[in-house]
Every structure is written in structure tokens, then in C-alpha cells.
Protein chains: 2
Amino acid sequence: MQAVFEQRIRMPQLRSRVVDATEAAQWVKDGMTIGMSGFTRAGDAKAVPLAVAEKALHEKLKITLITGASLGGDIDKKLTEAGALSRRIPFQSDPVLRAAINRGEVMYVDHHLSETVEFLRASQLAPVDVAIIEAVAITEDGGIVPSTSVGNSASFAILASRVIVEINLSQSPELEGLHDIFIPGRRPHRSPIPICEVDDRVGTSMIPIPPEKIVAIVFTDKPDSPSNILPADEETAAIAGHLVTFFEREVRQGRLTRSLLPLQAGIGTIANAVLAGLADSPFQNLTMYSEVLQDSTFDLFDAGKLDFASGSSITLSPEKGREVFSNIGRYKDRLVLRPQEMSNHPEVIRRLGIIALNTALEADVYGNVNSTHLFGTHMMNGIGGSGDFARNAYLSIFATKSLAKNGAISSIVPMASHVDHNEHDVDILVTEVGLADLRGLAPREKAQTVVRNCVPEPYRQLLLDYLAEANRRGGHTPHLLEEALAWHIRYRETGSMLPDGLPELAAA
Amino acid sequence: MQAVFEQRIRMPQLRSRVVDATEAAQWVKDGMTIGMSGFTRAGDAKAVPLAVAEKALHEKLKITLITGASLGGDIDKKLTEAGALSRRIPFQSDPVLRAAINRGEVMYVDHHLSETVEFLRASQLAPVDVAIIEAVAITEDGGIVPSTSVGNSASFAILASRVIVEINLSQSPELEGLHDIFIPGRRPHRSPIPICEVDDRVGTSMIPIPPEKIVAIVFTDKPDSPSNILPADEETAAIAGHLVTFFEREVRQGRLTRSLLPLQAGIGTIANAVLAGLADSPFQNLTMYSEVLQDSTFDLFDAGKLDFASGSSITLSPEKGREVFSNIGRYKDRLVLRPQEMSNHPEVIRRLGIIALNTALEADVYGNVNSTHLFGTHMMNGIGGSGDFARNAYLSIFATKSLAKNGAISSIVPMASHVDHNEHDVDILVTEVGLADLRGLAPREKAQTVVRNCVPEPYRQLLLDYLAEANRRGGHTPHLLEEALAWHIRYRETGSMLPDGLPELAAA
């Protein structure tokens, strides 16, 4: 144990800072802004946040919590239940926290994931008082080696006055060397970000901070929460099939090569299933420049299809996690984890020419996409990196199943009830029904293409009728304003978007 | 005249290509895609486009017309009236064309201005058959020296199979040296764009193309159409005042210096008036990194406030135009004109940390902005560069007068009828009533801030009532879907957004 201890804290004078989580949590005080590691449930601090929640049960303690993205281990749930969160930035996916956000009890600030640290660096958000960062080790110079995610950890540690490090013994020390920590300079005199290929390493392998800022070190051994994505099904397989057919056509027409372009896939079941679908495709020497690396990334490595993957976190199912992390050496030279500011940076995304695949909660006939709000009002998780990628991609693809709730909801509606990505940023819309290629089309053309390719009956005919009447009234983007949101209202009132009298749909 | 001729066409073997506009227009054939110079009415080709319109009156001729941005000289009007336009990309501002677009007769594809040439370069749009480019000269090597705009001209000339050059004798030969033509490489192996300061020159002073591509040269002498912006009024002065006060606070709080950060100002009366308002401010050594340079840019130069301005075009009022262009030498070392892909490039905008000021057609209480569609359906001009700048700016400001049509329209509505910029990309909303600082706020907080700071009565109370009821129903972004677009519907039906029974507003 002493050997492990010395291996994990290689700077001797820091070894005296080891305390338990409860003691470390004393650094967190009412009104503070806390920056925590954690991105898509990977590499989150696991002990101190829960000690903060416990502390909040006994004393007045309301904090602003900023993370990379979503946390695992019920941290957001327990902090919410303890009433510890006044403000939450920039992403979350916990049902208890989500309910509190939608009741207006927690102020949630939903950011493009590349932007949060820009706001912090420019003092456009309140400064981070304490950073709480999971690590696999602290180096000889006091540098922090992150674990399975980088997220915003590097900037939090650099910008915070005090840093608490959680060294997680369940995270393999072999993760060291996987990270590439590069922080852009201050504006207006910033230099170009030197990443020109997905595998370029441009920074350090640890987060360099003055060691005196490390006020506490806590040892933990709890593994990351595994991903909760669902296996591929008939519909996600159909979506993958449509995309493979589309990519093959692009290759035939000379716009793409067989190695396509660097791929990004948003978090979740659909994007993961589509990416996994490339394992059986004719494409090869693929690369990824993405945010979260999911099971499908390692499926593609194992299928010999993928040459390199750049991300900000690794989030895997329990089985895949056991397999990958016990053999991380096998993948290490083909992987890099970057700060989310870099994995999602507009500059790099536009330069590399990325094929971005993200999930739509709903889309409208004109190709405007809602990624975040149920019925225009209730937050799901947040926009995440979808905007960073969709705006700057070579090809911006949004996928969704055409129906939800056994057909009571159509994912394609006359007018999106909330717009996260407008028609300018959506090149391809794909459902299990088919694919709509919207490039170079005007809105009236987009609408016909979306409805005829992506929507099943009876919604297809309803949308065609809507468009026929809207087109008669005129406009560049014709709508019947009094009916534009009627489907959403009807669902709220009757439990179905379908008007009375139309036959029930079969279970989807 | 021979001397002028030789001065303007410095490569002798090209002198035999001089023809009249009618003959040059013969290169334009039915079904072609034509790329024309012109950005905010500046530097557009002036003779051949009208000859194309004339030709279309006598034979079947439907083209896809791509430009930099808007054209002057009634070109879009005459092409529309001649039925010559099947498709128009990426921006327009002509009333006759606009009406044809809204009738669904011309397919208009509204792009972020930085993106059109990315689509062309990647063959994601049909290739440009013929480029028609206004120039002040052709160099010894056959390079094209643009006139008062660069826009997309360089990429059009490089990508097109054939190029027609219009040499405009009314444009000062002294414009040569003003331009900086840099075209990014192909993806995925593109290098960083080397612009790190607003005054960096990274390219050539002319558009380098193989001279054999120049199939025709036409001489013209018609000046650019002047800008049609209105003078500052009480409300634009109030908007400028709110922004100056806000900038002063930012300086006091250490977030900005007295030279602020590079400024971008969208085209139009409001942005121009606000920028002009900085002439009487305490700020100095200002810089601009913008798209169109309007009267205010030169007012700021003359007031000794502005050190350097980078843009893609110069569009001035008649008086200002006479003054500036007859003394262009006085400004030349403080000006650069770039391709719009560069003036609007996300990479450069994010790197420099720009303060972006754009105009909203309407905004909703949550800070979602509609820049393009009247009542959600009818196109005005296009999104232009507002998305390029707002997404990537250090500070994204949208300005609008709070009322239109003598108070019958509130520019701040419950739900925007079309979303071009969502709440993620809008930091500051300002009207003549006041300024809402939305940074770091959750939607429920944004709504109160917008309504209390930016909206006059009686709309203010109507919005507060709407929000109170919506908040009771819950959600992260509370709305009453059945009332969200009711103001727009009511205006269409009654000529006013105000419900019956409320007193008429005084003329705004």
C-alpha cells in the first residue's frame, strides 16, 4: 500500500495533504462555485461530492456546480436532494436534478460544451473557488493526471484558487500518457490551436498547476458509473443502414474517400448504434474526433476499421469497460483524451472537416432540430456538444427514430417546439424510414424531402396536408401559425399527437 | 484612354478579350450556376448581370446565382423580373426578389456567409460554371484585383471553369493593395488560418488564377449603389447609450480594456448608429474585424478612435462614399478587405475574441433571436454573417427597437416565430428601453431580465402575465404553447399584436 501511495502521489511534499472526503468537503462553503471533473459519467470525483451533499443536509450550503458534462454515481441526485445546488452548468442527465430544474428550483445554464471555460477565463461567469478533480496520479512536479475524462478539469484546476484531488485506485495507472492537455491563450492575442490531424498531440500529459494549490487529496476506489445506452434495435440498425448507403453514394460521387472524414458521434443509443454499424461497412482506416468515446469506438478498433480516436472521455458499458480498461495498453497508442474545449473547438472541427452525428429529440419539416426541450418547455439533458459540432462540421447529420411513445408522438413535427440547431446547421436528417439530404435546398424543398423520406403514415399525410395549405398562404418557410404547435398541444391534452378519428398506430 | 486600358489590363495578351456586356453574357447558359462578385451592394458586377437579364427576356435562361451577399443596381430585381433566377444563394435584400422567394418562385438557400464556399469547394453544391467578377485591374500575371468588396469572388474565380472580369473605371485604381486574398486548404489536411491580429495580412493582393480562364473582359464605369441606411434617431442613440454604459462597466470590472476587443457590426441602420455612437465615448484605439465597413467605420477613423478595420466590403452613403473614395490613400494603411470566408471565419472570430453587434428582427423573452423571417414565414434578407459572429464571439450582442409599426408590433415576443440564434448564442439583448445582460443566467432568469429591461408597456405587463402563468405550469423554458404564437396570429388578423381593449400606443 505504501508503494501504491508513493506511486500515485509522486511529489513527496504533497503526501501530507491526504485526508478523508468529509474533511476535504470542508473546503466547500455556502455560495461558492465548484468545478468538478466528470464528462458523460466518466472520471467524475466520487467521494468529495457525496460528502458535500451530506454536509448540505446539516448546514446551509448552496453552490454553483460546474462540470465537464454529466456525472455518474447519483452525485447530481444526491446534491439535488440535499438542496445543495443553486445553479448547475453546463450539462446534466439525472432525473431528480432534471425535475428540480423543470420546477425552477435549480437554475440550469445550458452551454455549448466548448464554451464554459471561455466564459470562466474571461470572468464572464463567477470564478471557480474550489476544483475537485479525479486523477490516477499526481506527478513529481505536482501535475494532475486525469482518469477517464478530461472535460473541463484542466481549466478548473488552473483557474481555481484551491484544488482537491481524488486519486481513484480503481482507475488504471496505465491511463497516464493518454491525455493531451492544451489550453488556449487569452484573447485577443491568442495563437492558432495547433491540432491539424486527429492524432496530433500538442500539450502535456498532465494538468500543470502550482502544487501549493492542492489543499486536499482523497483516495477512492469506486469505478466509473457505466454507460446506460441501450443495445442496437431494428430501428437504429435501419438508421445505420441508411447512413452507410448514403456514405457509399458520397464515395462513388467523389466527395468522400473510403476512410470518410473524422467522425463525431454524440452520446446515446442511436449514435452509438450507427457508429457500430460501420463495423460491417466497406469503409476503412476511419478516424474519430469526438467528445465521448463509447462502446462502438472499441468495436470499430477491434473490427480493424478505426485507426485513431480523439475524445474527451471514455464511457463504456460494464462488459466493454472490463475488457477495455484491463487491456488499455492495447489501445493506448490509438487514443487521446483532450479538454472538451479542444475536442469540441470550432476552430479544429471546421479545420478537420468532421462528419458529425447527433441525436434529435424532434425535428421539424424544415430541418430545425430540438435537442433539449420536451414540448418546448421541459429540459432533458442539455445541448452538449451538438452545437459545437453541427455548426462547424463538414457534414452535420441528425438522427432520430420517427416515432416515440408507440406512435403517439411523431419526432418530425410541423414546427419544432424549441430550436437548438436551425436549418442552416442540419445537412442530413435520418430516421428508420429513410434519409433526407438537405444540402443546397430551399426550405420548401427541404420540407418535401423530409416528409417523403423520413416520416411514416399517418403523420406523413398530415404533414403533406399541412404543407399544402401553408404553401398556399406563402412565405419562404410556410407555416400555419395557428396549427404549428397544435400537435404538441394535442399530445398534452389527449396523450397523442394524432387528431381524433385517426386509427391508433401499431406499437413502434 | 489607351494608357488607362493598359494600366487596367496589365497582362498584354488578355487585352484582346475585351468585349461588350452582351457578348460576355453569351457565356451564361440555361441551367448554369453563376458566381458573381458583390457584397452588401459593393463591388458587384454591373453590366454583364443586366445583359444576362436582358438575354433571359428573349430565350429560356434559368440560372442558380451565388454571390457574396446583397447586390446593388437592381440586379436581383431585373433578373427576377426576367424570370432568370431558379435558385439564389446565400443572401439578398431586393424587394422584388424577396417577393418571388416568398411566393415560392425562386428557391432561396440562406447560408451562413462563411460557409457557401466550403460547400462549393467540397462539391456539396453544384459547381460554379461562370464567375463574373468586378475588378479595378488585372495584373501582369493575370491576377484579378477586386474593387470595393472581396466577398466570395476569389473562390468563385478559382473554382469556376470560366471567368468574366468587369473592370470598373469608376473604382479607384488606388484600391489595389487593400485586399488580402487567402483561401484555406482542402480538408482534412488543412493548416491553421494564420490571422492572429486584425491587421495581419496573410495572402495576396489579387486573386491568382490561370489567365486562360478569363474568357471575357468588360469595361464599365457605373459606381456602386450607395448604402440605404437611415440616419441615427432617438432610439438608435438610446441603444448606443446603453451599450456605451455597459462597456464602461465592463472596463471598470476589468473584463475589457479601453480599447475593448475587435468590433463587428452587422449591416444596417442600428448597428451603424451604435458604432457611430462610440465616437463620443471614452474608448480609444479601437479595432474592427467585421464584414461590411459602413459610414461609422470612417467616422471612427476620423474621430481618431479607430486604429484598424478589417472587412469584406465597404458600403457607404453617397456623401461618405465621395469623401472616402476620393481620399482612399488616407485610410489605406488602416484597412484590409478579405474574402468573406475569412472575415467571418469561426476560427478567427473565436481566436480574436470579437464583440459582435447584430440586429434582431424579433427576439423572445428567453433570448432566442429571429433575424430573418417576418411572422415566422416570410423571408426578409437572410441570416448573413450574424451566425458566424454570434456563435463564436467573445460577446454576442443583438439590438432592436422594442416596437415596430407604431407600436402594433412588439419586437420582444413570448416565443420567437423563427429562431436563427438561440439562447446559447445571445449574451446581450438591447433595445432603446434598456439592456439585458444574459450571461450566466438560466432561462427563467433571462426572461425576467429581458422583459424588465427591454420592453415598454403595455407589452411589458402582458409578458410578465404570460411568464407568471407559464412558470406555474413548469419547465426549464416555461411556455404556454397555445398562446406562444398568439401575438403573431393576432397581428395577422387585426393589424396589432395588442389584444382588443388595450389602449392604442402613441406613435413610436
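This is a predicted model: local features need pLDDT of at least 70, side-chain atom pairs count only at pLDDT 80 or more; totals for chains, interfaces and linings use all residues.
**Notebook: helix packing and cavities**

I began with chain A, where helix α9 (residues 269–277) packs against helix α10 (residues 295–302) at an angle of about 5°, their axes 8 Å apart.

On the α9(A) side I found N272(A), L275(A) and A276(A). On the α10(A) side I found D295(A), S296(A), T297(A), D299(A) and L300(A). Sorted by class, the contact of α9(A) with α10(A) has three nonpolar, three polar and two charged residues.

I then turned to chain B. Helix α9 (residues 269–277) and helix α10 (residues 295–302) of chain B have axes that come within 8 Å and cross at roughly 5°. I noted α9(B) as roughly parallel to α10(B) because of that angle. From α9(B), the contact takes N272(B), L275(B) and A276(B). From α10(B), it takes D295(B), S296(B), T297(B), D299(B) and L300(B). I counted three nonpolar, three polar and two charged residues in the contact of α9(B) with α10(B).

Last, I checked for cavities. A search of the whole structure gave me eight of 30 Å³ or more. The largest cavity has a volume of about 210 Å³.

Note on methods
Residues are numbered from 1 along each chain as its sequence is written. Chains are lettered from A and ligands numbered from 1 in the order in which they are written. Side-chain values use heavy atoms; hydrogens and water are left out. On a 1 Å grid over the protein atoms alone, a cavity is a set of points where a 1.4 Å probe fits but cannot get out, and a pocket is an open set with protein on both sides within 12 Å along at least five of seven lines; lining residues have an atom within 4 Å of a point. Grid points are joined across faces, edges and corners, and a volume is the space filled by probe spheres set on the points. Axes are lines fitted to C-alpha atoms, for helices over the stretch in contact, and angles run from 0 to 180 degrees between N-to-C directions. Helices (H or I, at least four residues) and strands (E, at least two) are DSSP runs, numbered from the N terminus. Angles under 35 degrees count as roughly parallel, over 145 as roughly antiparallel, 65 to 115 as roughly perpendicular and the rest as oblique. Contact means heavy atoms within 4.5 Å. Ala, Val, Leu, Ile, Met, Phe, Trp, Tyr, Cys and Pro count as nonpolar, Asp, Glu, Lys and Arg as charged, and the others, Gly among them, as polar.
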